[in-house]
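Hi everyone, thanks for coming. Let me put the structure up, and then I'll walk you through a few parts of it.

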Amino acid sequence: MTDHQEISLDWMSGDQSPPPSAELRPEVPHPARMYDYYIGGKDNFPADRAAAEQVLALSPLVRISALANRAFLQRAVRTLAEQGVRQFLDIGTGIPSAGNTHEIAQSVAPSSRVAYLDNDPIVLVHGRALLSGARPGSVSVLQADLRDPKAILADPAVRELLDLDRPVALLLFAILHFIDDADDPYAIVRTLVDALPSGSYLALSHATADFVDPNEAGKGPAVYRAATAQLTMRTREQVLRFFDGLELLDPGLVTAPLWRPDQAPQDTDGEVAIWSGVARKP
Ligand SMILES: C[S@@+](CC[C@H](N)C(=O)[O-])C[C@H]1O[C@@H](n2cnc3c(N)ncnc32)[C@H](O)[C@@H]1O
């Protein structure tokens, strides 16, 4: 596996470069597969399920939050497509599941193009087959690290698919909590947003411990430390800072189920541990 591994749909249709390889290491719990388990996916192994169950025993809200995050992703992408956005830069794609970004966007506007980026080769391995139904040339799955935003912006495969001189929706769903403060997530988001033209959007969701008893707050991240990722929970105020200089769409930064819900909210929806928002670059 090289630093830059592109899996294009041309390749999926059969005649291009060899398939990517990645060590699946099924015995080590993996955050993307744990998330897949939370949202009811099938791409996970016993070690992933055991670690996920440990997290769920500490906080059953994690599954509700993961499902709510996924539903927010779908409503946000649909809203963006309805607002006329046709280009999506989806970083931290995760293992494809039902209702992926390109499926939602293309159901509104078939010409929508989506660049999926994830730093995890395992996600690419799981992802390539599941994305094979997409319209050729409209979707790429690329290996890239959010901590190197300049490399993402300079990536020829990103630039081939997306015209960065025209509005782009930057999607950072459930990824920024994997970026440590030491890596300056605010500067990362600023670099990406600064490179996009007026009329672009930032949509993000972020795990929080705002609703958790302070004595319990460290336990979820501890399970992730035993897996392969660190988890940095942030407060609503800290998440709001990612939108500095942007215009938040109604209803602002809210817990995932409360962002333009399809159904009447339930009593517990205000405490789902995911802050969610969509904003426009003026
Ligand atoms: C919880 S999943 C979210 C999946 C999807 N965005 C969603 O909200 O349903 C987080 C994803 O972020 C990816 N990720 C974590 N840190 C990353 C980084 N530094 N660069 C790129 N991807 C990263 C993980 O590999 C994982 O696939």
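Before anything else, a word on handedness: a crossing is left-handed if the near helix is turned anticlockwise from the far one by less than a right angle, and right-handed if clockwise. Also, what's on screen is a predicted model, where local features need pLDDT of at least 70 and side-chain atom pairs count only at pLDDT 80 or more, while totals for chains, interfaces and linings use all residues. Residues are numbered from 1 along each chain as its sequence is written, and side-chain values use heavy atoms, with hydrogens and water left out.

Okay, helices. Two packed helices are described by the angle between their axes and the distance between the axes. Helices here (H or I, at least four residues) and strands (E, at least two) are DSSP runs, numbered from the N terminus. Axes are lines fitted to C-alpha atoms, for helices over the stretch in contact, and angles run from 0 to 180 degrees between N-to-C directions.

Start with H4, residues 61–82, and H5, residues 101–108. Their axes are 9 Å apart, at an angle of about 35 degrees, and the crossing is right-handed. On the H4 side, Leu73, Gln74, Val77, Arg78, Ala81 and Glu82 touch Thr101, Ile104, Ala105 and Val108 of H5, where contact means heavy atoms within 4.5 Å. That contact has six nonpolar, two polar and two charged residues. For those classes, Ala, Val, Leu, Ile, Met, Phe, Trp, Tyr, Cys and Pro count as nonpolar, Asp, Glu, Lys and Arg as charged, and the others, Gly among them, as polar.

Now H2, residues 31–38. How does H2 sit against H4? The two axes come within 9 Å and cross at roughly 90 degrees, so H2 and H4 are roughly perpendicular, a label for angles of 65 to 115 degrees. Tyr35, Tyr37 and Tyr38 in H2 meet H4 residues including Ala66, Asn69 and Arg70.

H2 also packs on H3, residues 46–58, at about 65 degrees with the axes 9 Å apart. This pair is therefore roughly perpendicular too, and H2 passes H3 in a right-handed crossing.

On to the ligand. Which residues come nearest? Of the 21 around it, those are Tyr35, Arg70, Gly92, Asp118 and Asp145; "around" means a heavy atom within 4 Å. For polar contacts, think pairs of N or O atoms within 3.5 Å. A backbone N or O atom of Gly92 is 2.6 Å from a ligand nitrogen, and a polar side-chain atom of Asn69 is 2.9 Å from a ligand oxygen. For Gly94, a backbone N or O atom sits 3.4 Å from a ligand oxygen.

Most residues other than glycine have a negative phi, and most peptide bonds are trans. Asp184, in the loop between E5 and H9, has a positive phi near 50 degrees. And Asp250 and Pro251 are joined by a cis peptide bond, omega about 5 degrees, with Pro251 in the loop between E7 and E8.

Key. Parallel < 35°, antiparallel > 145°, perpendicular 65-115°, else oblique. Polar contact = N/O pair within 3.5 Å; in protein donor to acceptor, adjacent residues only side chain to side chain.
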